Amino acid sequence: MKSLEEILPIRHPLIIAPMFLVSNVEMIKEGMEMGVAGCIPALNYRSIEELIAAIHELKAAKTPNGAFGFNLIVNKSNIKYKSQLEAICAHGADFIITSLGSPEETIKMAHQHGIKVFCDVTNVEYAKKVEKLGADALIAVNNTAGGHRGNMAPEHIISALKKECQIPVISAGGVGNYDQFQYIMSLGAAGISVGSPFIASLESNVSEEYKNACVDYGKNDIVMTEKISGTPCTVINTPYVQKIGTKTSTLEKFLNKNKKLKKYIKLLRFVKGNNAVTKAATQATYKTVWVAGPSIEETKEIQSVKEILQRILFPGK
């Protein structure tokens, strides 16, 4: 199987993972200068024009040993999906990461424009499906990932996917330092996708309170909540999260079982959840929901993207 450096024009097998409201052009530009890849959620841009402007800025800053891509939510909750896909294909990127839906249309269109497609997976069954559709690599989302995480430990999901699939496996979750990076690579991963450590970066646009929370809290403060998008999501266990709880209400569970209403309820919760996370990321209020993963354990101070990459890739240098 190919390594990530063979799939993308990068020097080190690492992707700065796409994070809603956190990832931005400045972060990815700094990453490309360090010889890694970076990915931004297309939903971080309110309009297609803003997305296109970001593509052109990244293309202008692209280095010989760096790569950039975008993350697409490919299910019906993302009403901008098709226009986002068309814009990325028309204006160019090195890769697309798909999440929460079928990547079939994305793979077909992206490949026509020479763009690689990596697909988030949490189990072998779905991995086989996307491999059959022509995915270039699997993003193995494990149970130490931030945001929408998987249920399998890194050792188990990497081993299972390598056994059952023929395309490269990129591990997502649980890497915040050099030893963790080396351990995951030793399991046979083609590369690593790292997100949460970059929340507390100088280049991140989130609030100082959010960044400081990633410094002050640790892996034992991460809990799962169903209250953001309906899909279990990891957040920092702030007093507000403790107050509202992490489980859906009896009414919400009833509505989710109604076949006619289910898709509308899911869309409403997705929008409502995103709005809550947006407010928490950009302003400090008593109603704070900060998304993060256990790897914030290694975040001891707010640093630049380059310093964080140095910590993960080249300790002691």
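**Figure 1. Helix α3 lies across strands β2 (37–41) and β3 (67–73).** The helix runs at about 160° to β3. Angles here go from 0 to 180 degrees between N-to-C directions, with axes taken as lines fitted to C-alpha atoms, for helices over the stretch in contact. Contact means heavy atoms within 4.5 Å of one another. Helices (H or I, at least four residues) and strands (E, at least two) are DSSP runs, numbered from the N terminus. Please keep in mind for every view that this is a predicted model, in which local features need pLDDT of at least 70 and side-chain atom pairs count only at pLDDT 80 or more, while totals for chains, interfaces and linings use all residues. Residues are numbered from 1 along each chain as its sequence is written, and side-chain values use heavy atoms, with hydrogens and water left out.

**Figure 2. Eight strands close into a barrel, in the order β1-β2-β3-β4-β5-β6-β7-β8.** The pairing in this barrel of 8 strands is parallel. On average, and with direction ignored, neighbouring strands of the sheet are turned by 25° against each other. Strands count as paired if DSSP finds at least two bridges between them. Where can you see one such pairing in detail? Look at β5 (residues 116–121) and β6 (residues 137–141), which run parallel and are joined by 4 bridges. In general, strands of a sheet pair through backbone hydrogen bonds, either parallel or antiparallel.

**Figure 3. Glu26, Lys29 and Glu57 form a network of salt bridges.** A salt bridge is a side-chain nitrogen of Lys or Arg within 4 Å of a carboxyl oxygen of Asp or Glu. Lys29 meets Glu26 with an N to O distance of 3.3 Å. These two residues sit 3 residues apart in helix α2 (residues 25–33), so about one helical turn separates them. Lys29 also bridges to Glu57, again with the closest N and O atoms 3.3 Å apart. Because Lys29 belongs to α2 and Glu57 to α3 (residues 48–61), this pair ties together parts that are 28 residues apart in sequence. Glu26 is partly exposed at 36% relative accessibility, and Glu57 is partly exposed at 35%. Buried means under 20% relative accessible area, exposed means over 50%, and partly exposed is in between (1.4 Å probe, protein chains only).

**Figure 4. A salt bridge joins Glu164 and Lys128.** The closest N and O atoms of this pair are 3.3 Å apart. Glu164 lies in helix α7 (residues 154–164) and Lys128 in helix α6 (residues 124–133), so parts 36 residues apart in sequence are tied together. Glu164 is partly exposed at 34% relative accessibility, and Lys128 is partly exposed at 40%. How many salt bridges does a search of the whole structure find? The search finds 8.

**Figure 5. Two aromatic pairs, Phe68 with Phe70 and Tyr210 with Trp290.** The whole structure holds 3 aromatic pairs. Rings of Phe, Tyr and Trp (its six-membered ring) pair if their centres lie within 6.5 Å, and planes under 30 degrees apart count as stacked, over 60 as edge-to-face and the rest as tilted. Phe68 and Phe70 are edge-to-face, because their ring centres are 6.1 Å apart and their planes stand at 85°. Phe68 is buried at 2% relative accessible area, and Phe70 is buried at 0%. The rings of Tyr210 and Trp290 have centres 5.9 Å apart and planes at 10°, so this pair is stacked. Tyr210 lies in helix α9 (residues 208–216) and Trp290 in the loop between α12 and α13, so the pair ties together parts 80 residues apart in sequence. Tyr210 is buried, with a relative accessible area of 4%, as is Trp290, at 10%.

**Figure 6. Ala87 sits in helix α4 (residues 81–91).** Is Ala87 buried or exposed? Ala87 is buried, with a relative accessible area of 5%. Leaving aside neighbours within four places in sequence, Ala87 is in contact with Ile48, Leu51, Ile52, Ile55 and Gly92. Ile52 is 35 residues away along the chain, yet the C-alpha atoms of Ala87 and Ile52 are separated by 6.6 Å.

**Figure 7. Thr299 lies in the loop between α12 (262–282) and α13 (305–313).** Thr299 is buried at 2% relative accessibility. Beyond its neighbours within four places in sequence, Thr299 is in contact with Pro197, Ala200, Cys214, Val215 and Arg311. In the protein as a whole, 51% of the 317 residues count as buried.
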